[in-house]
Each structure stands twice: as structure tokens, then as C-alpha cells.
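Subject: Structure handover and notes

Dear colleague,

Please find the structure below, handed over together with my notes on it. I would be glad if you could read the two side by side.

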Amino acid sequence: MIAGNKKRDSKIDLYDIFSESSDPVLTAVEVGDELGISQQAAHSRLSNAHESGDIERKKVGSRAVVWWLPDQDSESA
């Protein structure tokens, strides 16, 4: 698999996890559990997706961060 496809697949994996979740926000631990990877690896994927504008984030404590998909309606407005 070439690097470009791997990056795209990571975004698809993240999109699927968030789309299928009943929770509006997820933590890196939850994403890691779903993907079968460590919290650190999940955080790295989430950070990359955030830098690309694919995922939003908010720090909710001294060390806690929650992540969510951007609202599609507000993006198209």
C-alpha cells in the first residue's frame, strides 16, 4: 500500500468510528480501542486528521481531549 492510500484509509477508519458511535465526542482511548491500536497511536491519527481539518477537538481538562466530526451543515453554509 502506498503512503497516500494509507493516509486515506486512516481517515476512512476515523470517519467510520465517529459515524457509528452513539456518543457525540470520543477520546483517543476510545478510538484506539475501536482500531485495536494504542492511545498514543490513536492520538497521532486524530491529531493528523485535526491538522487536515477533518476532525475537531477540545481540551476539557488538564490532560483530557475530546474529538468529533465537524458539523457537515455548518461547513456547507
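Predicted model: local features only at pLDDT ≥ 70, side-chain atom pairs only at ≥ 80, totals over all residues.

Residues are numbered from 1 along each chain as its sequence is written, and side-chain values use heavy atoms, with hydrogens and water left out.

The protein chain has four helices and two strands, where helices (H or I, at least four residues) and strands (E, at least two) are DSSP runs numbered from the N terminus. Read from the N terminus on, the order of the elements is α-α-α-β-β-α. Of the 77 residues in the protein chain, 22% are buried; here buried means under 20% relative accessible area, exposed means over 50%, and partly exposed lies in between (1.4 Å probe, protein chains only). The accessible surface of the protein chain is about 5,400 Å², with 47% of it belonging to carbon and sulfur atoms; the areas come from the Shrake-Rupley method with a 1.4 Å probe, and for residues only the protein chains shown count as cover. Among contacts (heavy atoms within 4.5 Å) between residues at least 6 apart in sequence, 35% join residues at least 24 apart.

On the surface, Asp16, Glu20, Asp23, Glu30, Asp33 and Glu34 gather in a patch of negative charge. The elements that contribute two or more residues to this negative patch are α1 (3-20) and α2 (28-35), and α2 gives the most, with three residues. Patches are made of residues with over 30% relative accessible area and no salt bridge, like charges being joined within 9 Å and nonpolar side chains (Val, Leu, Ile, Met, Phe, Trp, Tyr) within 5 Å. Asp and Glu count as negative and Lys and Arg as positive, with His and the chain ends not counted, and the place of a charge is taken as NZ of Lys, CZ of Arg, CG of Asp or CD of Glu. Asp23 lies in the loop between α1 and α2 and is partly exposed, with a relative accessible area of 39%.

The structure holds one salt bridge, defined as a side-chain nitrogen of Lys or Arg within 4 Å of a carboxyl oxygen of Asp or Glu. In this salt bridge the side chains of Arg45 and Asp13 meet at 3.9 Å, N to O. The pair links distant parts of the chain, with Arg45 in helix α3 (residues 39-51) and Asp13 in helix α1, 32 residues apart. Arg45 is partly exposed at 26% relative accessible area, and Asp13 is partly exposed at 32%.

Both partners also touch Leu35, whose contacts, not counting residues up to four places away in sequence, are Asp13, Leu14, Ile17 and Arg45. Leu35 is found in helix α2 and counts as partly exposed at 22% relative accessibility. Leu35 and Asp13 are 22 residues apart in sequence, with 7.8 Å between their C-alpha atoms.

Val29 also lies in helix α2 and is partly exposed, with a relative accessible area of 45%; its C-alpha atom is separated by 4.8 Å from that of Gln39, ten residues apart along the chain. Lys58 has its place in strand β1 (residues 56-59) and touches Ala64, Val65, Val66 and Trp68, not counting residues up to four places away in sequence.

With kind regards
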